[in-house]
Amino acid sequence: MLAFHQQRYISDIFSFASLSFFGTAKRMGLKGKMIGQTEIKAGGDVFHDIIKMRPHELNKMTPQKVQRFTLLEGTLGKVGSKIFWHYNHEGKDKVAKEIIEEISEEKQSIRFKVIEGDLMEIYKSFYITYHVDTNGPDSLVTWTLEYEKLKEEYPHPGTMLSWFLHMVEEIEAHHS
């Protein structure tokens, strides 16, 4: 069973959806890296399994965020597989095509490279990584967004990081 406990950013000071977060972001001109963490009660292995092997179920767990998942090439849970997401971010329907670049069972982590979709209109490159650290009955899910903006005036992906952190909360609520 997953149980939401705490969220925190290791990136800028943000306030989204009436939640406040704190931390630092690594930003160098057009390139940046944002990291956010969510502490969950027991269930890091369940979370990893959902993202790795059952992403097609996310639309039932997080219906306001994920509308549909499609495996385009490869096999679920395998490096090199191409996947396609239909999702909602900031009230707008969006899409993303990704390649699974790395999977680590030891770290309970997956790294995705976004190769097409709405994010590529703002970013030259965009990588999404999560990993789960388990310490006793608690687990810490860490999301890392690495990106390069196409133009300086384009936003850093703080709201996208918040989106991923809230998704974990919704997955937990679904499993409570």
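Helices (H or I, at least four residues) and strands (E, at least two) are DSSP runs, numbered from the N terminus. By this count, the protein chain has 3 helices and 11 strands. The structure is a predicted model, in which local features need pLDDT of at least 70 and side-chain atom pairs count only at pLDDT 80 or more, while totals for chains, interfaces and linings use all residues. Residues are numbered from 1 along each chain as its sequence is written, and side-chain values use heavy atoms, with hydrogens and water left out.

Read from the N terminus, the elements follow the order β-β-β-β-β-α-α-β-β-β-β-β-β-α. Of the 176 residues in the chain, 45% count as buried; here buried means under 20% relative accessible area, exposed means over 50%, and partly exposed lies in between (1.4 Å probe, protein chains only). A contact means heavy atoms within 4.5 Å. Among contacts between residues at least 6 apart in sequence, 53% join residues at least 24 apart.

We can now turn to the helices. Helix α1 (residues 44-53) packs against helix α3 (residues 158-175) at an angle of about 110°, and their axes are 11 Å apart. Axes are lines fitted to C-alpha atoms, for helices over the stretch in contact, and angles run from 0 to 180 degrees between N-to-C directions. The two helices are therefore roughly perpendicular to each other, on a scale where angles under 35 degrees count as roughly parallel, over 145 as roughly antiparallel, 65 to 115 as roughly perpendicular and the rest as oblique. On the α1 side the contact is made by V46, F47, I50 and I51, and on the α3 side by M167, V168, I171 and H175. These residues divide into 7 nonpolar, 1 polar and no charged. In this scheme Ala, Val, Leu, Ile, Met, Phe, Trp, Tyr, Cys and Pro count as nonpolar, Asp, Glu, Lys and Arg as charged, and the others, Gly among them, as polar.

In soluble globular proteins, nonpolar side chains tend to be buried together. A nonpolar core is a set of buried Ala, Val, Leu, Ile, Met, Phe, Trp, Tyr and Cys residues joined through side-chain atoms within 4.5 Å. The largest such core has 36 residues, and F47, I51, F126 and W143 touch the most other members. Helix α3 gives the largest share of this core, 8 residues. Leaving aside residues up to four places away in sequence, W143 touches residues including F47, L161, M167 and V168.

Strand β11 (residues 138-149) holds E146, which counts as partly exposed at 26% relative accessibility. E146 and G32 are 114 residues apart in sequence, yet their C-alpha atoms are 5.9 Å apart in space. The side chains of E146 and R111 are joined by a polar contact of 2.7 Å. A polar contact is a pair of N or O atoms within 3.5 Å; within protein, one must be able to donate a hydrogen and the other to accept it, and residues adjacent in sequence count only if both atoms are side-chain atoms. S139 also has its place in β11, and it counts as buried at 3% relative accessibility. A polar contact of 3.3 Å joins its side chain to that of T134.

Finally, the loops deserve a look. Most residues other than glycine have a negative phi. E90, not a glycine, has a positive phi of about 55°; E90 sits in the loop between β7 (82-89) and β8 (92-104) and counts as exposed at 57% relative accessibility.
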